[in-house]
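Open the model in your viewer and keep the sequence panel at hand. We will go from stop to stop, selecting a few residues each time.

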Amino acid sequence: MTSPKYMMITVAKCAPGKVGEAKGHLDGLCSDLKSGAGAVTTRHGMIATGEHTGQLILFQSYDELNGIDRAFGVYESSASYKGLIHEVGVSVTLRNILRIEDLGLANPSTDQPGYGVVTRGISPDLQIDKMRACVPHFEAGGAMILRYCTILTGPAAGHRLIVAGYPSMDAIQKTYDNLGGSPEYNAVLEGFEVEWRNIIRVMG
């Protein structure tokens with residue numbers, strides 16, 4: 001699977017009774033982003049915990065920043081995007097661009113995860129070698145995909161984001177049980193301040 005270099009994350013409010021309709025439009029929008037903007041991967045879901053609980057979230061990744069520029073062009077022409085805004089009535093609350101760092105699972109899955117975990121933190125440097133030492137714990141726990149990113153835009157620019165997908169809540173628990181007692185993870189925490197960690201229910 002291609003390893004993309006950049007990611008854009010969008011969070012939006014949606015009335016609870018409109019989530020099913022929004023999912024259909026998001027599926028269409030993801031298809032449009034792949035065909036029209038060259039998105040390498042897309043995922044969408046609902047945030048289940050934290051400040052934005054109940055809001056929709058869309059992840060899209062690209063080989064180059066120009067892909068994100070093309071994504072905005074897709075928004076202007078996509079019937080699915082117009083449906084989200086004008087028919088469903090979603091309103092964007094957060095959008096950021098991130099650089100994906102050179103770290104990931106040896107054999108990431110292309111299957112749709114059931115859940116995602118997003119962790120934001122502060123680290124003066126990437127600690128890339130220490131982070132790589134933790135990857136086997138994610139793999140042993142059942143993680144399907146893992147991204148380590150630096151936020152490039154917004155008030156949290158420069159902060160780090162860890163995004164991981166899992167088949168089940170049990171796999172999430174197993175992964176963090178593995179990490180919690182490991183010297184590798186404790187070494188990361190010496191220079192990484194966790195700001196928050198949230199769970200996402202993946203819908204597409």
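**Stop one: the barrel**

Eight strands, paired antiparallel, close into a barrel in the order E1-E3-E2-E8-E5-E7-E6-E4. From one strand to the next, the twist averages 35 degrees. Strands (E, at least two residues) and helices (H or I, at least four) are DSSP runs numbered from the N terminus, and two strands count as paired if DSSP finds at least two bridges between them. Angles run from 0 to 180 degrees between N-to-C directions, with axes as lines fitted to C-alpha atoms, for helices over the stretch in contact.

Before moving on, please note that this is a predicted model, in which local features need pLDDT of at least 70 and side-chain atom pairs count only at pLDDT 80 or more, while totals for chains, interfaces and linings use all residues. Residues are numbered from 1 along each chain as its sequence is written, and side-chain values use heavy atoms, leaving out hydrogens and water.

Select E1 (6-13) and E3 (56-62). Seven bridges pair E1 with E3 in the antiparallel sense, and Val11 stands opposite Ile57 in E3. Five of the seven residues of E2 are buried, buried meaning under 20% relative accessible area, with exposed over 50% and partly exposed in between (1.4 Å probe, protein chains only).

On the way to E8 (residues 193-202), E2 pairs antiparallel over three bridges. There, Gly45 has Val202 as its bridge partner in E8.

Next, select E6 (residues 145-151), where six of seven residues are buried. Which strand is joined to E6 by six bridges? That is E7 (residues 160-166), running antiparallel to E6, and Leu146 has Ala164 as its bridge partner in E7. Three antiparallel bridges join E6 to E4 (residues 91-100), with Thr150 in E6 as the bridge partner of Arg99.

**Stop four: two cores**

Show side chains for Cys14, Leu29, Leu33, Leu56, Tyr62, Tyr75 and Val90: within the largest nonpolar core, of 26 residues, they touch the most other members. A nonpolar core here is a set of buried Ala, Val, Leu, Ile, Met, Phe, Trp, Tyr and Cys residues joined through side-chain atoms within 4.5 Å. E1, H1 (19-36), E3, H2 (65-77) and H3 (79-88) each supply at least two residues of this core, and H1 gives the most, with six. Apart from this core lies another, of 20 residues, including Val117, Leu146, Ala171 and Val188.

Zoom in on Cys14. Leaving out residues up to four places away in sequence, Cys14 touches Val19, Ala22, Gly54, Leu56, Val88 and Val90, where contact means heavy atoms within 4.5 Å.

**Stop five: Ser78**

Finish in the loop between H2 and H3, at Ser78. Is Ser78 buried or exposed? Ser78 counts as buried because its relative accessibility is 3%. Beyond neighbours within four places in sequence, Ser78 is in contact with Leu29 and Asp32. The Ser78 side chain makes a polar contact with the Asp32 side chain (2.7 Å) and reaches the backbone nitrogen of Ser80 at 3.2 Å. A polar contact is a pair of N or O atoms within 3.5 Å; within protein, one must be able to donate a hydrogen and the other to accept it, and residues adjacent in sequence count only if both atoms are side-chain atoms.
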